[in-house]
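Trainee: I have a model open and would like to go through it piece by piece. Can we start with the strands?

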Amino acid sequence: MVDDSGIDRELAFRTQAVRGGLDRSEHCETAEAMYLTSGFVYATAEEAEEAFASKTSTRFVYSRFGNPTVRMFEERLRRLEGAEACRAVATGMAAVYASLACQLRAGDRVVASRALFGSCQYIVGELLPRFGIESVFVDGADLDQWRTALATPTRAVFLESPSNPMLEVIDLKAVCELAHRAGARVVVDNVFATPLLQKPLAFGADIVVYSATKHIDGQGRCMGGAVLGRREWIESELVPFLRHTGPAMSPFNAWTMVKGLETLALRVEASCATALRLARALEGDPKLAAVRYPFLASHPQVELARKQMKAGGTIVTLDFAGGKAAAFRFLNALTLVDISNNLGDSKSLACHPATTTHQRLTAEERAKLGIVDGTVRLSVGLEDAADLEADIRRAVAAS
Ligand SMILES: *Cc1c(COP(=O)(O)O)cnc(C)c1O
């Protein structure tokens, strides 16, 4: 059953993940085809004229505008998210930047949560103000701060929940209501939650952005991003921006991503189960000042996390009581888990945010986000849970 917005609500997530958006060619291939082509040809000059003149033509004309493999990825992700429309881009940052830049102009105001992925912080806090856009940051978990900031008319709200790396959870429904009263559209960076665990549109968000580089590829191979939202907004504001500025996803990457979506639910469920097990196992260890995981009873917003998310996600954040030296000893003692600033990979990865992903910030700015010198972010992969637990426990003991 397809509803008015073209969304098939009958087929379950796992079915859509495998079959949604498949567009077979005349060769009847089983798997999605990879169309490595920059251009497309026309049988006649009239056909080319029609392709450019028509507002309704769905014909492909140039891969910066659209490509059959990229389209299959967009359609599959659109169905999984339950959105009216989706556009894929080259990276997660291209998705974040395009989602904001396509709708903002000088004199506009943006309100964002402070706890953002480093490059998102740069776009909102440094880049947009250069173009005459005012940015205001709030503590995402403090609704009073949102209320105060959104008492002034605002064009866009940008937030990430759970946040990187401290796993702060934001009340999506409450913030969307405040934002809409202020006249703002809400953009949610849903990377940590994935399309499986959290549906921001259902809580009132207008736009969802992904770094497909993370769980959607899920195997550390390709860069990618996506923007999802209402068809009218995507077509009138986002598409012209993408067409003329050019952050297109390559067909090869789209092919990798569309195959990544097939196993997204299986992979994310498995990593979430292991992450919860590790968080529970490590909590209370005397070497750790804190263990953060949205579904741990000790998480300050566990009730909200359980309401908004199906599971706690694939990231666990540890604070070593012994500071940077202990965090480094831990990282250097790991034998199975790799040291890497990436996340959402099938391989478990650990990093020290204060000296890598968040080194651009001052110590005070990091402190405001709760990132201390002993903080380590652990991205839980698909290895055997007992093997991971043994490696991590041994490294914690060595810290
Ligand atoms: C990785 C990440 C991004 C950026 O995505 P890229 O694909 O690396 O450009 C944005 N937001 C969050 C939360 C991320 O984890």
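Trainee: Is strand E12 (residues 375-379) mostly covered or mostly open, and how many of its residues are buried?

Mentor: Mostly covered: five of the five residues in E12 are buried. Buried means under 20% relative accessible area, with exposed over 50% and partly exposed in between (1.4 Å probe, protein chains only). Helices (H or I, at least four residues) and strands (E, at least two) are DSSP runs, numbered from the N terminus. This is a predicted model, where local features need pLDDT of at least 70, side-chain atom pairs count only at pLDDT 80 or more, and totals for chains, interfaces and linings use all residues. Residues are numbered from 1 along each chain as its sequence is written, and side-chain values use heavy atoms, with hydrogens and water left out.

Trainee: Which residues are on which face of E12?

Mentor: Thr-375, Arg-377 and Ser-379 are on one side, with Val-376 and Leu-378 on the other, and both faces are covered.

Trainee: What does E12 pair with, E9 for instance, and in which sense?

Mentor: Strand E9 (residues 315-320) runs antiparallel to E12, joined by five bridges. Two strands pair if DSSP finds at least two bridges between them. Ile-315 stands opposite Ser-379, and Leu-318 stands opposite Val-376. Strand E11 (residues 349-351) also pairs with E12 in the antiparallel sense, over three bridges. There, Leu-349 has Ser-379 as its bridge partner.

Trainee: What is the strand order of the sheet?

Mentor: E8-E9-E12-E11-E10, an open sheet of five strands with mixed pairing. Strand E8 (288-292) and strand E10 (338-339) are at the edges with a single partner strand each, so one side of each has no neighbour in the sheet.

Trainee: Which strands does helix H13 lie across?

Mentor: H13 (residues 323-333) lies across E9, E10, E11 and E12, at about 130° to E9. Axes are lines fitted to C-alpha atoms, for helices over the stretch in contact, and angles run from 0 to 180 degrees between N-to-C directions. Contact means heavy atoms within 4.5 Å.

Trainee: Moving to helix packing. At what angle do H4 and H9 cross?

Mentor: Roughly 120°, with the axes of H4 (residues 92-101) and H9 (residues 231-245) coming within 9 Å. That makes H4 oblique to H9. Angles under 35 degrees count as roughly parallel, over 145 as roughly antiparallel, 65 to 115 as roughly perpendicular and the rest as oblique.

Trainee: Which residues make that contact?

Mentor: From H4, Tyr-97, Ala-98, Ser-99 and Ala-101; from H9, Trp-233, Leu-238, Phe-241 and Leu-242.

Trainee: Different topic. Where is Arg-267, and is it buried or exposed?

Mentor: Arg-267 is in helix H11 (residues 264-282) and is buried, with a relative accessible area of 9%. Not counting residues up to four places away in sequence, Arg-267 touches His-215, Ile-216, Asp-217, Gly-218, Gln-219, Gly-260 and Leu-382.

Trainee: What is phi at Leu-167?

Mentor: Near 60°, a positive value in a residue other than glycine. Most residues other than glycine have a negative phi, and most peptide bonds are trans. Leu-167 is found in the loop between E4 and H7 and is buried, at 2% relative accessible area.
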